[in-house]
Amino acid sequence: MADIVIRKAVAADILPLGNMLEQSWFAHWGPHVSAESRARFVREHPARGYAQACWQDIMVAELNGAVVGMYHLDRPYLHSIHVAVDHIGSGIGRAMMTRAEGEGARRLEVRAFNERARHFYERRGWLAMGQKDDTEMGTPVVTIQMALAEA
């Protein structure tokens, strides 16, 4: 595998970021929300809006010239981290998380239904600190608040 490059997003990344985030949402969150919430997501394109609004604060993971991951850190809060659906398990998430933690990531939130992500964080030393009732595109969900355990 070629080297993963983690770099600051540029304007040209907005479209691939939005597309990757939409695919990630449908793969990981879509199965856990109502049909109406999925339809609302299609109508509103919040992932594209997020990429457009926040690209200047996002770091991307690039592999062979393609955007295959992203994270958005506002120290100490990790707003989001996503790996392209077809690159999950390739080490891209580990590389981005290591970088984000090195840059000060100490808090994050994850949907309770997202067991794969929760286990990923737990293996890295993140601990559940609480939970709250939330919504995802109108569907009630539970959000778990996590913090990185200090060594």
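Reply: Accessible areas here come from the Shrake-Rupley method with a 1.4 Å probe, and for residues only the protein chains shown count as cover. On that basis the chain has an accessible surface of about 8,000 Å², with 52% of it belonging to carbon and sulfur atoms. Keep in mind that this is a predicted model: local features need pLDDT of at least 70 and side-chain atom pairs count only at pLDDT 80 or more, while totals for chains, interfaces and linings use all residues. Residues are numbered from 1 along each chain as its sequence is written, and side-chain values use heavy atoms, leaving out hydrogens and water.

Now the big picture. You'll find five helices and seven strands in the chain (DSSP runs numbered from the N terminus: helices are H or I with at least four residues, strands are E with at least two). Starting at the N terminus, their order is β-α-α-α-β-β-β-α-β-α-β-β. The chain is as compact as a globular protein of its length, because its radius of gyration of 15 Å is close to the 15 Å that the globule rule gives for 151 residues (C-alpha atoms only; the rule is 2.2 Å times the number of residues to the power 0.38). Those C-alpha atoms fill a box of roughly 40 × 40 × 25 Å along the principal axes.

For the close look, let's go to Arg111. Arg111 sits in strand β5, which covers residues 107–111. With 12% relative accessibility, Arg111 counts as buried. The side chains of Arg111 and Glu136 are joined by a polar contact of 2.6 Å (a pair of N or O atoms within 3.5 Å; within protein, one must be able to donate a hydrogen and the other to accept it, and residues adjacent in sequence count only if both atoms are side-chain atoms). Glu136 also shows up in the contact list of Arg111. Leaving aside neighbours within four places in sequence, that list also holds Trp29, Arg118, Asp134, Thr135, Val141, Val142 and Thr143. So, to recap that spot: Arg111 is buried at 12% relative accessibility.

Definitions and conventions
Buried means under 20% relative accessible area, exposed over 50%, partly exposed in between (1.4 Å probe, protein chains only). Contact means heavy atoms within 4.5 Å.
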